[in-house]
Amino acid sequence: MDASQNATGGSGGNGVLVPQANDTTGATMVDDPKQNLNEVINSIQKTLGLIHQLYLTVSSFNDASQLPLLQRLNALVIELDNMAKLSEKCNIQVPMEVFNLIDDGKNPDEFTRDVINSCIAKNQITKGKTDTFKSLRKHLLEELEQTFPDEVESYREIRAASAAETKRLAQAQSILQNGDVKVKPEP
């Protein structure tokens, strides 16, 4: 294989395709974050494959493997440049704790597990507080009903009317109970 084949996208030794600088990604700007992330992930996978090929070439290096070594180094540089360009389109923030875990040789999934466990614990605390307030409200209404039955009945009527009005407004605005807005499909 000669250097001109490499410049036109030929294969680098061992029948492996040498990646080219991807000029088409600049021409077709994609604003979809998932697509941008997938492109970065694909570039990372290509880079890992190139590093593996480079490792194989270096581990069995001899004079005849100098050209494939240079071609793989060039391909790695091109792919790293491509990865840097693709990553500029992604807006992903990684917490420093994840990098610290990686530096310590630990699995970053531990961070995710700890965050989820923390959220579950906080959710349980909040649920306990909510249940306590509901119980307090119920107890207060029972006590008030014994002392002021007419006023509690008026309160319940006002509250029912208010809830019905809120529900009617929510349905009129196509708002879901969790606050999200329904998107009606276009005909």
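Start by selecting Cys 90: at 17% relative accessibility, it counts as buried, because buried means under 20% relative accessible area. Keep in mind as you look around that this is a predicted model.

Now select Cys 119. Is Cys 119 buried, partly exposed or exposed? With a relative accessibility of 47%, Cys 119 counts as partly exposed. While cysteines are on the screen, here is a word of background: a disulfide is a covalent bond between the sulfur atoms of two cysteines. How many disulfides does a search of the whole structure find? The search finds 0.

**Helix α3**

Next, select residues 33-59, which form α3. This helix has 27 residues, which should span 39 Å at 1.5 Å a residue; the C-alpha atoms at its ends are 39 Å apart, so the two values agree.

Color the buried residues of α3: they are Asn 36, Glu 39, Val 40, Ser 43, Thr 47, Leu 50, Gln 53, Leu 54 and Thr 57. As you look at how they are placed, recall that an α-helix has 3.6 residues a turn, so residues three or four places apart point the same way.

Then pick Leu 48, also in α3. Leu 48 counts as exposed, because its relative accessibility is 54% and the cut-off for exposed is over 50%. Draw a distance from the C-alpha atom of Leu 48 to that of Leu 76: the two residues are 28 residues apart along the chain, and their C-alpha atoms are separated by 9.2 Å.

**The nonpolar core**

Stay with Leu 76, which takes you to the next stop. Which residues make up the largest nonpolar core? Select Leu 50, Leu 54, Leu 69, Ala 75 and Leu 76, its 5 residues. Both α3 and α4 (66-87) supply at least two residues of this core, and α4 has the largest share, with 3 residues. In soluble globular proteins, nonpolar side chains tend to be buried together.

**The nonpolar surface patch**

Which of them gives the most? That is α5, with 3 residues.

Ile 41 counts as partly exposed, because its relative accessibility is 36%.

Definitions and conventions. Residues are numbered from 1 along each chain as its sequence is written. This is a predicted model: local features need pLDDT of at least 70, side-chain atom pairs count only at pLDDT 80 or more; totals for chains, interfaces and linings use all residues. Side-chain values use heavy atoms; hydrogens and water are left out. Helices (H or I, at least four residues) and strands (E, at least two) are DSSP runs, numbered from the N terminus. Buried means under 20% relative accessible area, exposed over 50%, partly exposed in between (1.4 Å probe, protein chains only). A nonpolar core is a set of buried Ala, Val, Leu, Ile, Met, Phe, Trp, Tyr and Cys residues joined through side-chain atoms within 4.5 Å. A disulfide is a pair of cysteine sulfur atoms within 2.5 Å. The expected span of a helix is 1.5 Å times one less than its number of residues.
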